[in-house]
Amino acid sequence: MNKKGFSVLLLLLLLFLTSCAPSFDNQEDEVVDDNTLDDTGQETAIIPSYSVSDQDYQVLLPYKLSQSRGVIVNQIANRLDIDSFEEGLRRHSTNVYDPDDYFFQEGQKITSDVVYNWLERYSEEDDSNGNPLGLNPEIDLPVNEEDRDPEQILKEERENPKYLSHILEQDYLVKTEDNAVQLAGISIGIAMKSNYRFETEDGLYYYEDISMDKMLSEANRIAKEVVTRVREIEGLEEVPIMLAVYREESRDALVPGNFVATATVDNGSNSVGDWESIDEEYILFPSTEATEKDPDTTANLDDFEKDIAEYFPNYVGVIGEGFYIDEQLQKLTLEVPIQFKGKAEVIGFTQYAYGLVMDGFQNHYDLEINITASDNQESLIFRKAGEEEPTVHIYD
């Protein structure tokens, strides 16, 4: 391409980026929040007049942090699982609480102290360190540490792993006729381990895989007990409850785990309904699993890499993550690391990648390409499912 042609293409790209800049309607609606009253008996909240998309919930302002904030980062080892668990619970909640009718709020009822107690192992009250609220299995060891046999510890830990990692509450509110909002339902996420890591007194770490069947059995037991306890919390006696079970990946996995089942509890009921299986998973690209599961997308990525490598010698490879529901690709996220020498090279590379997307990637799934250099984001190409052309953003 000659210099004149390149300049015209660059101008068109800049005009395209400008046209895609979002505009927001800042009209807001002030309501009374009946769930958190101040000394006057009322607390006002703001409902923004827009949401990011039709699939996202509007949130009340000022934004209220969860009453168990911070627990999740201490309990779930893989950062990818943390994001997938929180976002996925909200996504599955849309099947019960329609975003057109409900507003989202982080959990305000189950506190950090309560969650930590529930996540511990069960032990009798008469034990000096007793915790009868623990939902993880009890282990049979002498109270005095000096009396414990290392082999017995190893055996007990293997036979009674800590299945449960975290319990996450999300609240869903509705607007009433008298211009107030009130709690109308909650979702409870139950994060379960697929691999249990434990340390014995010799300082060594051991690992115990947990089968899907055993994990589901334990999750069912835990869910029933959680519902019983939730009904004893003030303000949660009558609201419907959506339950979702999440199976974590190992702590060093490059993709997150996934939700495996959901169930609902009707208003005022303590009975967990039938569990509905969820078929979703994250797949790493490139990998043997990706080649076997989705050879077409794998071939697309191979061609994408070859085309880039032909013109950009500093290119080092693509790392991708595919999200599948019912065996169908829903979203493909790619990270393309490359060493850039200047902004012009970033623009040129992004233009070229844009053209490869237009020519080589089908549009029945969401596509996100993050172009990075030295761990810094240089540009972004994304396209929602069904759209013909991607949107591009080049960072300053």
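In which sense do strand β15 and β16 pair, and over how many bridges? Strand β15 (residues 366–373) and β16 pair in the antiparallel sense, over seven bridges. The model is predicted: local features need pLDDT of at least 70, side-chain atom pairs count only at pLDDT 80 or more, and totals for chains, interfaces and linings use all residues. Residues are numbered from 1 along each chain as its sequence is written, and side-chain values use heavy atoms, with hydrogens and water left out.

**The sheet**

- Six strands form an open sheet with mixed pairing, in the order β12-β13-β14-β15-β16-β17. Strands (E, at least two residues) and helices (H or I, at least four) are DSSP runs, numbered from the N terminus. Two strands pair if DSSP finds at least two bridges between them.
- β12 (280–285) and β17 (391–394) stand at the edges. Each has a single partner strand, so one side of each lacks a neighbour in the sheet.
- From one strand to the next, the twist averages 15°. Axes are lines fitted to C-alpha atoms, for helices over the stretch in contact; angles run from 0 to 180 degrees between N-to-C directions.
- Helix α8 (residues 295–311) packs on the sheet and touches β12, β14 (328–337) and β15. Its direction makes about 20° with that of β14. Contact means heavy atoms within 4.5 Å.
- Helix α9 (residues 343–360) also packs on the sheet, touching β14, β15, β16 and β17. The direction of α9 makes about 25° with that of β16.

**Strand β16 and its partners**

- Ala 373 has Asn 376 of β16 as its bridge partner.
- The hairpin of β15 and β16 has two residues between the strands. There, Ser 374 takes a positive phi near 55°.
- β16 and β17 pair in the antiparallel sense over four bridges. Leu 380 has His 393 of β17 as its bridge partner.
- Phe 382 lies in β16 (residues 376–383). Phe 382 is partly exposed, at 31% relative accessible area. Buried means under 20%, exposed over 50%, and partly exposed in between (1.4 Å probe, protein chains only).
- Beyond its neighbours within four places in sequence, Phe 382 contacts Leu 367, Glu 368, Pro 390 and Thr 391.
- Phe 382 and Asn 370 are 12 residues apart in sequence, and their C-alpha atoms are 8.5 Å apart.

- The structure holds 13 salt bridges. Each is a side-chain nitrogen of Lys or Arg within 4 Å of a carboxyl oxygen of Asp or Glu.
- Lys 214 bridges to Glu 218, with the closest N and O atoms 3.6 Å apart. The two are four residues apart in helix α6 (residues 212–230), about one helical turn.
- Glu 218 also bridges to Arg 221, with the closest N and O atoms 2.7 Å apart. These residues are three apart in α6.
- Glu 218 is buried, at 10% relative accessible area. Lys 214 is partly exposed at 37%, and Arg 221 is partly exposed at 37%.
- Arg 229 bridges to Glu 225, the closest N and O atoms being 2.8 Å apart. Both lie in α6, four residues apart. Arg 229 is buried at 12% relative accessibility, whereas Glu 225 is partly exposed at 31%.
- Shared partners join Lys 214, Glu 218 and Arg 221 into one salt-bridge network.
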